[in-house]
Amino acid sequence: MWHNLMFFSLENKKFAKFFECFEQILTLEKRELIDEKVMQHVTEVYRYAIKEMVDTRQYFDADFMTRRIERVFKFAEPFLAKHEYFWGRWAEYHEYRGIYLRERAKIAIPKEAPEKQAEALEKLNAELKEAQTQVAEYCLKECQTIMVVGWEIEKKKCELLLEATRKLSGHWKVAYEADAGKMEQLSLFKKSVKPRIEETLSVTIEDL
C-alpha cells in the first residue's frame with residue numbers, strides 16, 4: 001500500500017505525502033523497496049523545487065524542501081547506509097543545495113538593507129563552503145561503501161568504484177584545494193585503488 005501511494009504521490013506532486021510514504025516503508029522494514037531509483041526521485045524533487053524557486057522568485061517552498069529532504073536522508077541513514085547509491089544521492093543533494101543557496105541569494109540579498117548585504121554574502125560563502133565539503137565527504141563515503149570484502153576481483157564493483165573515484169576527485173579538489181593534508185588523503189586513496197581497478201578491468205587509467 002505505502003509503496004503504491006508513494007509513487008502515486010510523486011506523480012501528482014504531493015511531495016509531503018511522498019516523503020511520508022518513503023519513511024513509512026523504511027519503518028515497516030521494507031527497505032528493499034527503497035532502491036536507487038527511489039533515491040533518485042528524492043533528489044529530483046529537490047531539483048524541481050529549486051527550478052520553481054527560480055521561475056517564481058519565491059523561495060519559501062524551496063527553504064522548506066531543503067530542510068525536509070535533509071531530514072529524509074538522516075532518517076534513512078540507519079536503513080540504507082550500506083548502499084553506495086545512498087551516499088551518492090546524499091552527495092547530489094548537497095550539490096543541489098549549493099545551487100539553491102546561490103539562486104536564493106540572488107533573490108533575497110538585494111532585498112536586504114545595504115548595510116546587511118555584506119554580512120549576508122559572508123554567510124552565503126560559508127554555507128556554500130560547507131555544502132562543497134559535504135559533497136566531497138559523501139562522495140568518499142560512496143567509494144568506501146563500494147569497497148566491501150572482495151571488491152578487487154569483481155568487475156562491476158571496480159567499474160562503480162572507478163566512476164565514483166573520478167567524481168570524488170573533482171569534488172574533493174573543489175572543497176579542499178587549499179588543504180594540503182586533505183589533498184594528500186585523496187592522493188593516497190587514489191594510489192591505493194587505481195592498480196587494483198586496472199588489473200581487474202584490464203585497462204590503463206590515465207584520468208584518475
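Visitor: Why is Tyr59 called buried?
Guide: Buried means under 20% relative accessible area, exposed over 50%, and partly exposed in between, with a 1.4 Å probe and protein chains only. Tyr59 has a relative accessible area of 13%, so Tyr59 is buried. A word on the source: this is a predicted model, where local features need pLDDT of at least 70 and side-chain atom pairs count only at pLDDT 80 or more, while totals for chains, interfaces and linings use all residues. Residues are numbered from 1 along each chain as its sequence is written, and side-chain values use heavy atoms, leaving out hydrogens and water.

Visitor: What makes Phe60 exposed or buried?
Guide: Phe60 has 55% relative accessibility, so Phe60 counts as exposed.

Visitor: And how do you know whether Ser9 is buried or exposed?
Guide: Its relative accessibility is 2%, so Ser9 counts as buried. Ser9 sits in helix α1.

Visitor: Why is the pair of Phe86 and Trp87 called edge-to-face?
Guide: Rings of Phe, Tyr and Trp (its six-membered ring) pair if their centres lie within 6.5 Å; planes under 30 degrees apart are stacked, over 60 edge-to-face, and the rest tilted. For Phe86 and Trp87 the centres are 5.1 Å apart and the planes stand at 80 degrees, so the pair is edge-to-face.

Visitor: What about the rings of Tyr59 and Phe60?
Guide: That aromatic pair is tilted, at 4.9 Å centre to centre with 40 degrees between the planes. The whole structure holds 16 aromatic pairs.

Conventions. Helix = DSSP H or I, 4+ residues; strand = E, 2+ residues; numbered from the N terminus.
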